[in-house]
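Me: Please take a close look at one part of this model. I want the strand pairing, step by step.

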Amino acid sequence: MIDTTPPVKGWIKDGSDKNNDMKYSSETAEVSSVWGGFSDPESGIVSYTLDVYINNALAQSFENGLKTDFVDYSLSMKHGDSIYVKLTTTNGAETRTVIKSDGFVIDQTPPSVKYLHDTMDGRRYQSDSTKLHLKWKFDDPESGLKEYRFYIEDFYQGQGHKFYPQGQGYVTIPVINNNITADIVLQNLTLISGHKYLVKVTAVNHADMPQSQESDGVIIDSTPPVLKKVYTYTVGDLSRFWLSCLGPLVLLLPKLKLFGFPIF
Ligand SMILES: [Ca+2]
Ligand SMILES: [Ca+2]
Ligand SMILES: [Ca+2]
């Protein structure tokens with residue numbers, strides 16, 4: 001039987017998850033891919049071959065037999081490198097179908113923190129014991145941010161424990177449309193006067209590298225300030241004050257005259 005048609009084209013993904021194409025990686029030695037959907041009704045598939053390209057240059061070729069996934073740790077890549085694989089599928093009549101993965105980029109640096117605040121105005125005290133206003137921003141110029149995770153800690157007399165969220169480790173906030181600024185108001189809290197509350201944030205980039213940072217903390221002071229004793233003078237007090245000054249002055253006058261001061 002003569003087969004004049006190449007194998008039917010399938011799909012290929014970077015990484016090992018067929019449901020999720022990898023776009024960034026922090027691993028400098030790992031290239032992996034997974035594929036499927038190739039067939040040839042006439043002569044069948046006989047082999048898969050992979051060519052790994054680093055920065056558009058062929059790095060190495062691999063015979064993969066009939067396996068539909070691939071992983072290699074022999075190549076070495078560095079921060080900023082761009083990698084893709086070319087998959088050649090061969091049928092029983094030695095005709096071929098070639099497809100490429102859309103590639104991934106090596107990002108070896110975790111996100112960096114731009115700011116992290118636990119009050120609106122940067123103060124270390126607040127009187128409101130029901131709310132926390134949190135603001136932060138991290139960034140990653142290479143792979144961008146995937147998500148934030150945060151929790152609140154309650155500190156009192158040097159002892160800290162997790163305060164929020166209760167019943168789970170942390171709150172996860174996916175970063176959508178590269179909106180890397182978080183502005184969060186937690187309400188209906190029961191914050192205790194004299195305790196310090198701080199937020200611990202972990203930012204994760206698209207290469208799955210985490211960066212953690214905690215805020216300085218805000219101390220709750222819900223008691224009104226104690227008024228210091230304030231002195232007030234009435235008109236009567238003032239006149240008594242001046243009279244009390246006048247006495248010694250009158251006594252002084254003759255003495256000043258004695259020394260030749262031209263007083264009168
Ligand atoms: Ca065919
Ligand atoms: Ca990809
Ligand atoms: Ca980075």
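Which order do the strands take in the open sheet of three strands, and is the pairing parallel or antiparallel?

Reply: First, the ground rules. This is a predicted model, so local features need pLDDT of at least 70, side-chain atom pairs count only at pLDDT 80 or more, and totals for chains, interfaces and linings use all residues. Residues are numbered from 1 along each chain as its sequence is written, while chains are lettered from A and ligands numbered from 1 in the order in which they are written.

The open sheet has the order 10-12-16, and its pairing is antiparallel. Strands here are DSSP runs of E with at least two residues, numbered from the N terminus. Two of them pair if DSSP finds at least two bridges between them. Strand 10 (112–117) and strand 16 (181–186) are the edge strands, each pairing on one side only. On average, neighbouring strands of this sheet are turned by 15° against each other, direction ignored. That angle is taken between axes, which are lines fitted to C-alpha atoms; angles run from 0 to 180 degrees between N-to-C directions.

Now the bridges within this sheet. Strand 10 and strand 12 (residues 132–139) run antiparallel and are joined by five bridges. Histidine 117 has lysine 135 of strand 12 as its bridge partner. In a regular strand, side chains alternate between the two faces of the sheet.

Next, the pairings of strand 13. Strand 13 (residues 145–156) pairs with strand 17 (residues 196–205) through 10 bridges, in the antiparallel sense. Here phenylalanine 150 is opposite valine 201 of strand 17. Strand 13 also pairs with strand 15 (residues 171–174), again antiparallel, over four bridges. Arginine 149 is bridged to threonine 172 in strand 15. Strand 14 (residues 159–164) is another antiparallel partner of strand 13, with five bridges between them.

One more strand residue is worth a look. Arginine 96 sits in strand 8 (residues 96–100). Arginine 96 counts as partly exposed because it has 13 C-beta neighbours inside 10 Å. The scale calls a residue buried at 20 or more other C-beta atoms within 10 Å of its own, exposed at 12 or fewer, and partly exposed in between, with C-beta atoms placed from the backbone. Leaving aside neighbours within four places in sequence, arginine 96 is in contact with Pro6, Thr88, Thr89 and Thr90. Contact requires C-beta atoms, placed from the backbone, within 7 Å. Serine 47 is 49 residues from arginine 96 in sequence, and their C-alpha atoms are 9.7 Å apart.

Technical notes:
Contact = placed C-beta atoms within 7 Å.
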